[in-house]
Amino acid sequence: MKKIKKGVCCLIGAAFFLSGCAKIHFIEFEPIFVRANAVGSNVYQGSKEKTIDIINTQLDISFSWDSAFVYGNATIAAKAYFMPQNKVILDAKGFKINKIGLLNNSVFKELEFSYQQNKLTIFLDKTYSAQEEFKIFISYTAMPEKLKVGKDITTIDDRGLYFINKNKPNKQIWTQGETDCNSGWFPTIEDPAEKMTQQFNITIEKNLKTLSNGILIASKENSDGTRTDSWEMQKLHSVYLAMIAVGDFKITEDSYRDIRLNYYTEPEFAPHAKAVFGHTPEMISFFSDTLNYPFPWPKYDQIVVKNFVSGAMENTTATVFYDQLNKTAGEIADESQDPIIAHELFHHWFGDLVTAESWSNLSLNESFATYAEYLWLAHKFGNAYADEHLMQDAEAYFKYVKIKDPDLIRFDYADKDQMFDAITYQKGGLILHQLRKEVGDAAFFTSLNLYLKTHEFKTAEIHDLRLAFEEVTGRDLNWFFNQWFLANSNPQIKISKVYYPEENALKIMVDQIIDTTHQKIYQLPFKVKIVNANQEQVFSVLLNQAHQEFSFPMDTKPVYVKFDADNQLLVEKQELKTEEDYALQYQYADDFIDRYESLNYFNKHQNSKFTKELMLKALDDESATLMVMALNYIKKLEVKEQELLATKLMILALKASESKVRAASLMVLAKIKSAKTKKEIGQQLKTDPSLLVQKALKQGKFN
Ligand SMILES: [Zn+2]
C-alpha cells in the first residue's frame with residue numbers, strides 16, 4: 001500500500017499523510033478509532049495459527065446499487081493445514097447467510113454452522129485429514145455499508161467494498177483488502193499468510209467494465225441485460241490482495257514483452273493514461289533485471305478509482321490508485337507519478353510474491369516498495385533526483401520519530417493500522433539503503449534474489465531476509481538486523497575534528513549521545529573523506545564505542561574533511577561547521593545531499609561572501625531543485641548582474657529538462673529581456689506541455 005493508510009499521530013483525530021514524490025501532502029480524514037495498549041501490557045502480535053488452508057475461492061457475485069448489497073455464492077476449496085479438522089472458521093463481516101453446505105461432485109450436502117461476532121463456524125460432516133480436500137458452498141449477502149465502526153470495523157475505511165456515486169453515470173465499485181477488509185464482501189480467512197488461487201465471476205450491467213486479479217477468461221452476456229466476466233488467478237496470492245473493480249472505465253492498452261499492461265481510467269483521462277503510466281514497461285524491465293527475477297504474474301493492470309481509501313494498493317496484477325493519478329499530460333510534465341507507480345509495481349515481488357507472514361513484519365513489504373521508488377528514480381532520472389527523494393524520506397522519518405518511536409519490526413502494536421507508518425515505510429527503506437552500502441551492490445541484489453527464490457509464493461519473516469544475506473555474504477549480520485530492524489530509534493552523534501601539527505595527525509572525535517546504562521552502543525561502519533593539497537583519500541572506519549577517537553596521519557592540515565562520506569548513516573549529527581566548511585562541501589561534494597546541505601546553508605545566509613559564487617555554480621548542478629534555488633537567488637540580484645547571465649538563462653529556459661528550471665529561468669528573463677525578445681521566447685515555448693512553464697510565460701508577459 002502507498003503510503004500510509006492511517007498515519008496515527010494521536011489516538012483521536014488522526015492526520016493522514018502521503019509522502020508524494022516531491023512534497024508531503026496532508027489530507028484530513030475523519031477521526032479513526034485506534035486501540036492503545038494499556039501501560040505495562042505485554043502484547044505479543046505473532047503470526048496467526050493455521051488450522052485450515054484455503055486452496056481456491058470461486059466467487060459468483062452481483063450487486064444491488066440501491067441497497068449497496070453484494071449477492072455472493074462462494075465455493076471454497078480447502079483442507080486441514082496439518083492436524084485433522086472437523087470444522088472451518090471463516091471471517092465474514094456483517095453477512096446474511098442464506099445456506100451453507102459441502103459440495104461433492106456438484107452434490108450439495110447442507111452443513112450446520114454458527115455465526116457470531118463476524119466469525120462463521122462451519123461444522124464439517126466428518127474429520128478431514130490434511131490430505132483430504134473438501135469444498136464448501138456458501139450463499140450469502142454482504143452489506144458493507146451497514147458495518148458499524150467500533151463494532152464490526154475499526155474505521156469507515158475498513159468496509160472492504162465500496163459503492164461510489166451509486167445513482168450517477170460514473171458509478172463505481174471497488175475493493176480494498178489490506179489489512180483484514182476483504183471479509184467485508186466474501187467469506188475467507190483473514191491472514192496475510194493465507195494464500196489461494198481464485199476465480200471471480202462478476203455479474204454487472206453490460207455497459208460497465210470489470211477488473212480483478214489474473215486473466216479475464218470469459219465474458220458472457222446474460223438474457224437479463226447483464227454480463228458476467230470471469231477472472232481467474234492461477235497463482236497463489238494472499239487473501240488481502242484479492243480485488244474487484246467495476247465502473248465506466250476506458251482501457252488504454254500497453255505491453256511489456258508478452259505481458260499485457262492495461263491502464264484503466266475514467267474516459268476523460270484516457271488520453272493522458274500513457275503520460276501517467278507510460279514508464280511501466282521500462283519499470284518492469286528494470287526491476288526484473290535488477291532482481292534477476294522476471295515479473296512473476298500473467299498480466300499487470302493499473303486502475304484509477306474515485307474516493308479511494310488510500311494512495312494506492314498493490315492487489316496482485318490489478319493495482320488500484322487514488323484519483324490524484326487522474327492527471328493531464330501537462331501536470332505529469334511538472335510532477336511525475338513514477339514513485340507511487342514504482343512502489344506498487346515492486347510490491348509484485350516484495351509483498352505479493354513473497355509476503356510478510358504477519359503485520360508485525362509489514363516492513364518486509366513496505367520497506368522494499370519504498371526503496372524501489374529510489375531505485376527507479378536513480379535509474380530513470382539520475383542520482384540527484386533519487387537522493388533528493390531519499391532525503392525527503394529521512395525528513396519524514398525524523399519528523400515522525402519525534403512523536404512515536406516504535407521498533408521497525410514490532411510485535412506489540414495495539415492495532416494493525418498502526419503498522420502503516422513512517423517507521424515501516426520510510427525508515428525501512430532507509431535501512432535497506434544502509435544495508436546495501438554495508439554489503440555492496442552485488443551482494444545486496446544477489447541476496448534479494450535468493451530471498452525471492454526461497455520464499456516465492458509463500459511468506460517470510462525478518463529472519464528469512466537476514467538468512468538470505470548471511471548465506472550470500474558469508475557474514476553474520478545479526479548485529480545489523482538487531483540494531484536496525486528489531487529495534488527502535490537511531491544514533492545521535494557529536495563530531496569534532498582537530499589537526500595536530502606536532503603529531504602530524506588529523507583526529508576525529510565521535511561521541512554517541514546515549515545513556516549507556518540502558519541504551520546499546522551502535523555499531524556504525526562509515527567512510528571519512530579527507531582532501532589535502534594533492535590528493536583525496538577515503539578511509540573506512542568503524543564506530544562501535546560511546547566515545548571514540550580516529551587518528552589519520554597527515555603531513556599537513558587537510559583542506560576538507562567529510563565525516564560519513566557516503567551520507568549512508570541514519571543518524572542525527574551534531575557537527576560544528578564554519579561557512580568555509582560549507583563552501584568547500586559544495587566544491588568537494590560527492591552527491592546531492594552534500595550539495596544540498598551546502599547550498600541550503602547559503603540560501604539561508606545570503607550575505608555570506610561565498611553565496612553568490614556558489615549560487616552561480618549551482619546553475620550547472622545536476623539537481624533541478626538546486627538549480628531552482630540558484631535561480632530564485634539570481635532573481636533578487638541587480639539587473640546588470642542578471643544581464644551577464646542572460647545567455648545561460650536563455651539556454652535553461654529553452655532547454656532544461658525539468659520544467660521547474662525552465663519556469664524559474666523565465667521569471668528572471670522576464671525582468672531583463674525586451675518585449676520583442678520575450679515574444680520570441682514565448683513563441684518558442686508555446687507548445688511546452690508544462691503548466692509551470694505556461695504560468696511563467698503568462699506571469700512574465702512573454703506574449
Ligand atoms: Zn506499499
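## Backbone: positive phi

Asparagine 567 lies in the loop between strand 30 (560-563) and strand 31 (572-575); helices (H or I, at least four residues) and strands (E, at least two) are DSSP runs, numbered from the N terminus. This is a predicted model, in which local features need pLDDT of at least 70 and side-chain atom pairs count only at pLDDT 80 or more, while totals for chains, interfaces and linings use all residues. Residues are numbered from 1 along each chain as its sequence is written, and side-chain values use heavy atoms, with hydrogens and water left out.

Asparagine 567 is not a glycine, yet its phi is positive, near 50°. With a relative accessibility of 16%, asparagine 567 counts as buried (buried is under 20% relative accessible area, exposed over 50% and partly exposed in between, using a 1.4 Å probe and protein chains only). Threonine 317, also not a glycine, has a positive phi of about 65°. Its place is the loop between strand 21 (312-313) and strand 22 (318-321), and it is buried because its relative accessibility is 0%.

## Backbone: a cis peptide bond

Most residues other than glycine have a negative phi, and most peptide bonds are trans. Glutamate 178 and threonine 179 are joined by a cis peptide bond, with omega about 10°. Threonine 179 sits in the loop between strand 12 (172-175) and strand 13 (195-205).

## Aromatic pairs

Rings of Phe, Tyr and Trp (its six-membered ring) pair if their centres lie within 6.5 Å; planes under 30 degrees apart are stacked, over 60 edge-to-face and the rest tilted. Phenylalanine 69 and tyrosine 71 have ring centres 6.5 Å apart and planes at 85°, so this pair is edge-to-face. Phenylalanine 69 is buried at 18% relative accessibility, whereas tyrosine 71 is partly exposed at 37%.

Tyrosine 601 and phenylalanine 602 also make an edge-to-face pair, 5.0 Å centre to centre with 90° between the planes. Tyrosine 601 is buried at 19% relative accessibility, and phenylalanine 602 is buried at 0%. One aromatic cluster is formed by Phe286, Phe287, Phe295, Tyr300, Phe346, Trp349, Phe350, Phe368, Trp376 and Tyr451.

## Charges over rings

A charge sits over a ring if NZ of Lys or CZ of Arg is within 6 Å of the ring centre and within 35 degrees of the ring normal. Lysine 126 lies over the face of tyrosine 128, at 4.5 Å from the ring centre. Over the ring of tyrosine 500 you will find the charged end of lysine 507, 5.2 Å from the centre.
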